[in-house]
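Welcome to this guided tour. Keep your viewer open and select along with each stop.

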Amino acid sequence: MRFLLVEDNADLAASVAARLGLEGHGVDCAGTLAEAEEFLLAASYDLILLDIMLPDGDGRDFLARHRRAERTTPVIVMTARSAVSDRVDALDTGADDYITKPFDFAELEARCRAVLRRRGGLVQTQRSFADLTFDPLSATIGVAGESRDLRSREVRLLELFLNAPGRILSKEHLCDRLFSFSEPVTDNAIEVYVGRLRKKLAGSRARIETVRGLGYRLTDG
């Protein structure tokens with residue numbers, strides 16, 4: 001998953017991005033609303049984490065513009081304001097959830113998972129494809145009765161394929177969903193991760209097929 005974090009506290013932004021990165025998410029950090037708008041023009045996101053008080057304006061105004069433009073990306077508002085009226089205002093403006101600073105990272109991660117689950121963008125329950133079983137919560141797959149562990153980015157990559165079985169996913173699309181702008185990504189980065197995932201799928205009918213010049217697709221057999 002790819003997140004946009006709009007937060008002017010550089011230390012907090014770095015900590016949140018690092019924590020979400022451990023889960024395999026790519027996180028772009030914007031310190032102002034203007035920077036956030038530039039990121040939105042350059043990439044698509046699965047979730048936006050939005051501070052309210054920013055150097056160049058109120059995050060709620062940004063949120064209102066976001067919804068008026070019919071952008072459906074889910075938004076979690078992050079702010080030190082804890083009054084009920086503030087929470088109601090943010091939710092009425094179009095926020096999907098609200099978390100008050102200071103917050104525990106585990107709670108933020110849980111809220112991110114909940115919002116993505118409601119929007120259908122995150123696999124949270126065990127599912128099957130061909131003879132493969134996948135449990136994202138334990139980061140494991142089952143092949144021929146054998147459980148195999150996945151690394152965080154392998155989990156995110158498999159989720160992308162399972163969300164679109166049989167569909168060709170280009171390297172550019174996979175790179176966009178897995179990495180942030182700040183991460184150094186080489187031309188063969190996707191090949192490396194696909195190669196690692198293929199090794200984990202060895203012995204299963206579920207295969208990641210290369211479609212020359214176009215990308216990859218998950219097939220049965």
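Start by selecting Val77, which is found in strand E6 (residues 75–79); helices (H or I, at least four residues) and strands (E, at least two) are DSSP runs, numbered from the N terminus. Before going further, note that this is a predicted model, in which local features need pLDDT of at least 70 and side-chain atom pairs count only at pLDDT 80 or more, while totals for chains, interfaces and linings use all residues. Residues are numbered from 1 along each chain as its sequence is written, and side-chain values use heavy atoms, with hydrogens and water left out.

Val77 is buried, at a relative accessible area of 0% (buried means under 20% relative accessible area, exposed over 50%, partly exposed in between, with a 1.4 Å probe and protein chains only). Show its neighbours: Val77 touches Leu50, Ile52, Leu63, Ala90, Ala95, Asp97, Tyr98 and Ile99, leaving aside residues up to four places away in sequence (contact means heavy atoms within 4.5 Å). Ala95 is 18 residues from Val77 in sequence, with 6.5 Å from C-alpha to C-alpha.

Now select Thr79, also found in strand E6. Thr79 counts as buried at 3% relative accessibility.

Next, colour residues 2–116, which the UniProt annotation "domain: Response regulatory" (unreviewed entry) covers; UniProt positions follow the numbering used here, feature names are shortened, and annotations may be inferred rather than shown by experiment. The end C-alpha atoms of this span lie 11 Å apart.

Move on to the largest nonpolar core, which has 28 residues (such a core is a set of buried Ala, Val, Leu, Ile, Met, Phe, Trp, Tyr and Cys residues joined through side-chain atoms within 4.5 Å). Apart from it lies another core, of 20 residues, including Val77 and Ala95.

Helix H6 comes next: 10 of its 11 residues are buried.

Finish with the rings: the whole structure holds 3 aromatic pairs (rings of Phe, Tyr and Trp, its six-membered ring, pair if their centres lie within 6.5 Å; planes under 30 degrees apart count as stacked, over 60 as edge-to-face and the rest as tilted). Phe39 and Phe181 are stacked, 5.7 Å centre to centre with 25 degrees between the planes. Phe39 is in helix H2 (residues 33–42) and Phe181 in the loop between H7 and H8, 142 residues apart.
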